[in-house]
Amino acid sequence: MSIDPRRAQDVWEDAGEHVQFTVLKFNRQDPQHEREVFQEFADRSQAIVRSLKIRDAKPETGSQLKVAIGISNAAWDYLFPDAPKPAELETFTTLKGPKYEMPASEGDLFLHIRASDNAVVYEAQTQFRRVLEDVTTVVDETQGFRYFEGRAIIGFIDGTEAPAIEDAADYALVGDEDPTFENGSYAFAQKWQHDMPVWNHLKTEEQEKAVGREKFSDYELDDADKFKNAHNVASKFTENGVEQKIVRMNVPYSNPAGGNTGTYFIGYARHWKVTKGMLTNMVEKGDYLLSFSKLLSGQAFFVPSRDLLAKMAEDEFH
């Protein structure tokens with residue numbers, strides 16, 4: 001086999017118009033029963049997605065529903081203690097830098113649902129919850145949206161450094177280096193809350209120096225014109241002199257009347273070490289975005305291929 005996006009879950013396409021991120025944890029009261037419920041979910045979730053794609057199909061575009069389901073290292077050990085595990089899967093632990101830190105949070109299952117119609121997102125999440133509600137507790141659910149022109153909530157074009165769609169699969173999907181888990185992906189989910197009044201108080205020129213790009217045109221500034229801890233400097237990760245990339249689908253979220261606004265960062269990668277390297281650089285270099293942001297969560301997950309989900313459902317994965 002080789003990398004085949006058709007066998008993968010939806011980890012390498014667009015961020016969507018309406019988005020739901022949900023993190024669940026198992027109740028850990030009856031391992032056998034909870035494993036059986038997860039196996040049922042592995043099967044039913046795919047049937048739910050297929051059904052909703054039919055219900056949501058538009059004459060011009062078909063359905064825009066996309067779903068990714070991830071399993072954390074702790075959940076993997078709980079559900080499949082005797083089974084092989086993705087080579088790079090580990091429990092994310094808090095990263096600390098000289099000034100800032102990225103906290104780790106609990107979570108066993110990760111659901112990333114997006115569609116052009118919020119009713120479809122709602123229905124998918126509701127049906128998923130019907131299967132899992134007796135054995136899991138909600139850690140966090142966040143509803144996101146597409147901001148103007150697909151920009152981040154801070155006003156800049158998002159994902160400029162992400163690979164182009166035609167190249168994305170090679171950066172997002174595990175290959176033959178880990179054959180059992182081919183076409184899976186390492187996901188990292190992290191919730192940022194921004195102090196928007198602080199950010200909006202900055203002049204545009206300062207914001208551009210902080211991000212490393214012009215706000216309107218997205219043109220990258222020369223290094224001499226950026227802050228030393230500009231986001232596109234601090235978040236860069238190289239290996240053997242080559243910049244490494246992941247697929248990012250960051251999404252704004254907000255309760256604007258209450259002043260709760262932020263970014264839900266989601267990154268999918270072929271190699272967890274690449275995402276972890278980026279995060280480590282951000283805290284060690286004091287990424288400017290951390291200066292007006294509070295990090296609320298962070299955990300790594302593995303998103304199995306659809307083939308592997310089917311094996312889990314049929315109790316063929318040991």
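A residue is called buried if its relative accessible area is under 20%, exposed if over 50%, and partly exposed in between, with a 1.4 Å probe and protein chains only. By this definition, 52% of the 318 residues of the protein count as buried. The structure is a predicted model, in which local features need pLDDT of at least 70 and side-chain atom pairs count only at pLDDT 80 or more, while totals for chains, interfaces and linings use all residues. Residues are numbered from 1 along each chain as its sequence is written, and side-chain values use heavy atoms, with hydrogens and water left out.

The protein contains nine helices and 14 strands; these are DSSP runs numbered from the N terminus, with helices (H or I) of at least four residues and strands (E) of at least two. The protein is as compact as a globular protein of 318 residues, because its radius of gyration of 19 Å is close to the 20 Å that the globule rule gives for that length. The radius is taken over C-alpha atoms, and the rule is 2.2 Å times the number of residues to the power 0.38. Along the principal axes, the C-alpha trace spans about 55 × 45 × 40 Å.

Contacts (heavy atoms within 4.5 Å) were also considered by separation along the chain. Among the contacts with a separation of 6 or more, 78% are accounted for by residues 24 or more positions apart. The protein exposes about 15000 Å², of which carbon and sulfur atoms supply 47%; accessible areas come from the Shrake-Rupley method with a 1.4 Å probe, and for residues only the protein chains shown count as cover. There are 36 positive and 53 negative side chains, and the centres of the two sets lie 2 Å apart. Here Lys and Arg count as positive and Asp and Glu as negative, without His and the chain ends, and each charge is placed at NZ of Lys, CZ of Arg, CG of Asp or CD of Glu.

Aromatic rings were examined next. Rings of Phe, Tyr and Trp (its six-membered ring) pair if their centres lie within 6.5 Å; planes under 30 degrees apart count as stacked, over 60 as edge-to-face and the rest as tilted. The count by this rule comes to 24 aromatic pairs. One of them is the edge-to-face pair of F181 and F317, with 6.2 Å from centre to centre and 80 degrees between the planes. This pair links distant parts of the chain, 136 residues apart: F181 is in the loop between helix 4 (165–172) and strand 7 (185–194), and F317 is in the segment after helix 9 (306–313). Both F181 and F317 are buried.

F188 and F265 form a tilted pair, 6.2 Å centre to centre with 55 degrees between the planes. F188 lies in strand 7 and F265 in strand 12 (residues 260–269), so this pair ties together parts that are 77 residues apart in sequence. F188 counts as buried at 0% relative accessibility, and F265 counts as buried at 12%. Ring pairs also link F38, F41, W76, F80, F128, F181, Y186, F302 and F317 into a cluster.

L111 lies in strand 5 (residues 109–115) and is buried, at 0% relative accessibility. The C-alpha atoms of L111 and A42, 69 residues apart along the chain, are separated by 12 Å.

Two helical residues were also examined. Q32, in helix 1 (residues 31–56), counts as partly exposed at 48% relative accessibility. Its C-alpha atom is separated by 8.2 Å from that of L79, 47 residues apart along the chain. N281, in helix 8 (residues 272–284), is buried with a relative accessible area of 16%. Not counting residues up to four places away in sequence, N281 touches A234, K236, F237 and G286.

The last set of results concerns backbone angles. Most residues other than glycine have a negative phi. In N183, phi is positive, near 75 degrees. N183 is placed in the loop between helix 4 and strand 7 and is buried, with a relative accessible area of 2%. D218 is not a glycine either, but has a positive phi of about 70 degrees. The position of D218 is in the loop between helix 6 (204–211) and helix 7 (231–234), where D218 is buried with a relative accessible area of 15%.
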